[in-house]
Amino acid sequence: MGVEICVEGLTKSFGRQVIWQDVSLTLPAGEISVMLGPSGTGKSVFLKTLVGLLKPDRGSITIAGKDVTRLREHDLYEVRKLFGVLFQDGALFGSMDLYDNIAFPLREHTRKSESEIKRIVLEKMDMVGLIGAEEKLPGEISGGMRKRAGLARALVLDPEIILFDEPDSGLDPVRVAYLNQLIVDLNAQIDATFLIVTHDIASARQVPDNIGLLFRRELVMFGPREDLLTSEEPVVRQFLNGRMQGPIGMAEEKDAAQVKQELAELHAGNHRGPKGGKGSGGGKIPRLLPSPGIARSPRWEEIAENEEKMQRLRKLRVAVGPDGGVTGA
């Protein structure tokens, strides 16, 4: 079961450059959260701060009753055992085959026998669909397979928190879809707390329980995905709809007068969103559910029941026209 992460008033800077300030949020235990934001807003810095690789200027990060920002190195090492991390490129050792890459944390941090290590490694490789690829080197496999190998390595110590640093980076849309399904399936099986940093809007709409957005050195919003998908906050709407019009510019921020003019155009309906459709807040997007045959925790059973109810309501709205008449034959 995952653990809750409580962040209060967190601020981080490098010299005079403030990365973000006064960030406060709670990552609920066992849930999937996504952190969005334009490039350069410090999302990866946030992950490194959570795991204690970077020290914040001020604020607290409470995990399992301990403030990570105030721990001595020995105690911090113990807290880090709660974490598994999937890095952007998988961070595999190029000279080791996949089996040895995935076994590395077990050999480094435990006293398990080789027979125990083999059982665990093959179990995790099976979970991510890599059985049969044990002897392959990282350079001999696709980017998607390297991501899955990195994820298997993140799982071998049975972490209660898993951090994903842009897991979709460098993958085509089909592989991203498979990876998203894998993330949901894993969460349903192990109930760990997941935090995903991503730029992929389709993933953010379908995968998480919660969404956050970093912009202009602040956490603009963090909460249930439905709240952000239907938010009227200009920067949230702009980012989730991939528009040029809004507060985010090529250099992250825009002139206030330009933003005001663009928002007026949006309210007047003079901008079309992606793929020719009218830009909107996103509405209710179906949630990605665990694959058939995957054992579901009570939390996922409840999510599935709610999604089924929403699907029935959507079908009912389609069947009943705006004038109350029944459509279709």
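Author: Let us start with a term: on a 1 Å grid over the protein atoms alone, a pocket is an open set of points where a 1.4 Å probe fits, with protein on both sides within 12 Å along at least five of seven lines, and its lining residues have an atom within 4 Å of a point. Rolling a probe the size of a water molecule over the atoms shows where empty space is left. The model here is predicted, so local features need pLDDT of at least 70 and side-chain atom pairs pLDDT 80 or more, while totals for chains, interfaces and linings use all residues. Residues are numbered from 1 along each chain as its sequence is written, and side-chain values use heavy atoms, without hydrogens and water.

Reader: Which residues lie nearest the centre of the largest pocket?

Author: They are R80, F83, G84, V85 and F87, out of 25 lining residues. Helices (H or I, at least four residues) and strands (E, at least two) are DSSP runs numbered from the N terminus; those giving two or more residues to this lining include α2 (73-80) and β6 (83-86). The space is about 770 Å³, a volume being what is filled by probe spheres set on grid points joined across faces, edges and corners.

Reader: How many residues of each class are in that lining?

Author: There are 14 nonpolar, six polar and five charged residues. Here Ala, Val, Leu, Ile, Met, Phe, Trp, Tyr, Cys and Pro count as nonpolar, Asp, Glu, Lys and Arg as charged, and the others, Gly among them, as polar.

Reader: What does the lining of the second largest pocket have, by class?

Author: Four nonpolar, two polar and nine charged residues. D209, E226, R287, I303 and N306 are the closest to its centre, and α11 gives the most to the lining, with six residues. Domain 1 (5-241) and domain 2 (289-322) each supply at least three lining residues; their bounds come from an automatic or database domain assignment.

Reader: And how should I read a nonpolar core?

Author: In soluble globular proteins, nonpolar side chains tend to be buried together. A nonpolar core is a set of buried Ala, Val, Leu, Ile, Met, Phe, Trp, Tyr and Cys residues joined through side-chain atoms within 4.5 Å, where buried means under 20% relative accessible area (1.4 Å probe, protein chains only). The largest one has 57 residues, and L36, L98, V121, L151, F164 and F194 touch the most other members. Helix α6 (residues 173-190) contributes the most, seven residues.

Reader: Where does this core lie relative to the two domains?

Author: Domain 1 and domain 2 both give residues to this core, so it lies between them.

How values were computed
Buried means under 20% relative accessible area, exposed over 50%, partly exposed in between (1.4 Å probe, protein chains only).
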